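Reader: Please show me the model, and then we can go through some local features in turn.

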Amino acid sequence: MAQNNKGFKASVQKLGSHLSGMVMPNIGAFIAWGIITALFIPTGWLPNEELSSLVGPMQTYLLPLLIAYSAGNMVHAHRGGVIATVASMGVIVGSSVPMFIGAMLMGPFAAWVLKKFDEKFADNIPSGFEMLVNNFSSGIIGFILAIIGYYAIGPVVTSMTNALATGVNTIVEANLLPLANVFIEPAKILFLNNAINHGILTPLGTQEVAEVGKSILYLLEANPGPGLGVLLAFMFFGKGSARASSPGAIIIHFLGGIHEIYFPYVMMKPLMFLAVIAGGVSGTFVLQTLGAGLSGAASPGSIIAILGMTAPGSHVAVLAGVATGALVSFLVGAVILKADKTVEADDSFEQSQAAIAAAKAESKGLPSDTVVKSDAVPSVDTIDRIVFACDAGMGSSAMGASLLRKKVKAAGLGLLVTNSAINSLKDDGKTLVITQEELTTRARKQAPSSTHVSVENFLDDKRYDQILADMQSGPSSVKKSEAVVEATDTVTETAAPYTKVRRVIFAHGDQIASSAMGASLLRNQAKKQGLNLVVTTSPLANIADDAHSLIITVADLSAAAKETAPSAQHLTLASLHEEGQYRDLVLKFK
C-alpha cells in the first residue's frame, strides 16, 4: 500500500511538472492579458470599449494556442509545437469555453502522434524528398487531428470544464473555499501543487476574470503569507542554521516569490505543516470575506507581482489576506517551536533540504535516491556561455543566473550567463549547463556535448564562488579547490588564541551577503559564550591596519587583506556559512 501511495504521488508530481512546463513559459502572456483586462473592461481602471475587445480573442485563442505550442514543443521540438497548435485550433473552435485544458490535452497528444510518425518513416524517405514529406505529413496529420478535436475532444472538455466551474462555484457560494488550503499548502511542500494550480485553478480563474473581472482562485496557491509566517517564526524562535538563514529566506520568498525556499523549514519540523495550513485557511477566509481577487495570474508568487495583478478595489483585501495568513502561520509556528525542547542537530536543516531535494527529484520522474555526478568544471577559456536550466527556464533558475552573472562581471570574465528551459537547450560543446541535481540527467540527454554541473540549490552563493574559482584555475581545478579547503582547515585549527583581539572584521569584495551571514553566525556564538566581542563587516579597501583586529576572509581575498592590513591577525575560511567553525573559533578568544 505504501509503495502504491508513493507511486501515485510521483505520478501526480510528474503530471504537475508537465503542466508547469506548458503554462509557465507563457505566464508573461497571461500577465499581459490580465493587465489589459484590469484596465479596459467596463469595470476596469480605464474603461475603453475598443481596447477591451482584445480581452475575448486573447483568452479564446492566444493563450490556449501558446499553451498548445509549448506542450508540443516539449514533446517534439518545433514540429511538435506547430502540429499541437493546429490540432488545438479544432478543440478551441469546437468549444464554447476557453480551451486551456483542451490545449493541455490535445497539444502533447498531437506532438506525440507526429513524433511516432517521424520515428517510423524517417529512414524510408527518398533522398531529396525530406522537406516535402515533412511538410505534408505534419499538415495532413494536423488536419485530421483538428477535425477530431472539433467533433470529439472539444465538447468533452467543455463539459468537464463546466463541471469543474460548477463545483468551484458551489464551494465558493457555500463559503467553503478556505478548506481548499488544507490540501494546497501541504501539496506545495510536496511538489504536488502544479497539477492543481496550472491544471485547474489558472484555467478556471481566467474564465472567472472574463466574466466578473477578477478571481480569488489565483490567490489560493500564490498567497505568500503562510510561508512568510513560518520563516518569521524560525527567525524569532528557531535554532541553529535554520534561524540564522531565515532572514535571507524571507527576502527571497516574500519579495522574490520563490516559495520553495521555505519548504526545508517546514520539513525539518513536520508539525509546521499545521502552521502553513492554518495560515492558508485563515488567509483565504479573509480574502473571500472581503471580496479579494486578481485580474491575472501572479507568477512568481511575490507580493510585488500579486499587488501588480490585483483587481481594482481589491488591494486592501489582498493585503489583509496576506497579512492574516502570515500572522496566523507565525503564531502557530511560534507555539510549535517554543514547545519543542529537543536539541537541534547541526545537520537537521541540511537533512530537511536533502528531503526537499528528494521530493523534487520524484516530481521530475526520478527516483529519490538518484545520484547524479557533475562533469569536471571547465576552464574559462574553453566555454562561451553559462546556462542555468530548469523545467520552465524561470523562477529559481533565473535567480541563480542573476547571482552568477554578477560574480562573472565582478571577475571581469566575458561570459554570457543566461537561463533556459531544459527542452530549449542547444547541444553546444562550448556551453556550461548548470542544473539542480535532480535535473542533470535530463539536461545531459538534451545537450550531450555540453558540460554539465549540478548544484543542490540555485541560490547557493558559495557554490558559485567555487565554480568560478575552478573555472579560473584550469584543468586541475578540482584538486586545487580541495587544496584550498584543506589549507583553510589547517589555518583554522592552528590559529593562535586571539586574547588581544578587540574587533573581528569580515572583509569582503562584492560578496556582502556572505560576509554578513558569517558575521551574524560568529556574533551569535560569541553571545552564547558570554563574550563581548565586536563583529563587523567591511569592504576590503576600507579595513584599517590595526593590531587588535582579526580579519576574516575567503581564500580569494586573503592575500589582498594581508597586504592592506599587515599588522592585523588574519584567518582564511573556505566558507563563511558553516556555523560549526565559529563555535570552535570563539573558544580561542578565551
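Reader: In which helix is A77 found?
Author: This is a predicted model, where local features need pLDDT of at least 70, side-chain atom pairs count only at pLDDT 80 or more, and totals for chains, interfaces and linings use all residues. Residues are numbered from 1 along each chain as its sequence is written, and side-chain values use heavy atoms, with hydrogens and water left out. Helices (H or I, at least four residues) and strands (E, at least two) are DSSP runs, numbered from the N terminus. By that numbering, A77 lies in helix 3 (residues 55–93).

Reader: What is the phi of A77?
Author: Most residues other than glycine have a negative phi. A77 is not a glycine, yet its phi is positive, at about 55°.

Reader: Is L63 buried or exposed?
Author: L63 also has its place in helix 3. Buried means under 20% relative accessible area, exposed over 50%, and partly exposed in between, with a 1.4 Å probe and protein chains only. A77, at 46%, therefore counts as partly exposed. L63 has 1% relative accessibility, so L63 counts as buried.

Reader: Which residues does L63 touch, leaving out those up to four places away in sequence?
Author: Contact means heavy atoms within 4.5 Å. With that cut-off, L63 touches A29, F30, W33, M58 and F100.

Reader: What separates the C-alpha atoms of L63 and I27?
Author: The two residues are 36 places apart along the chain. Their C-alpha atoms are separated by 9.4 Å.

Reader: In strand 6, which residue is the bridge partner of A507?
Author: Another open sheet of four strands, also with parallel pairing, has the order 6-5-7-8. Six bridges join strand 5 (residues 503–508) to strand 6. Within strand 6, the bridge partner of A507 is S538.

Key
Two strands pair if DSSP finds at least two bridges between them.
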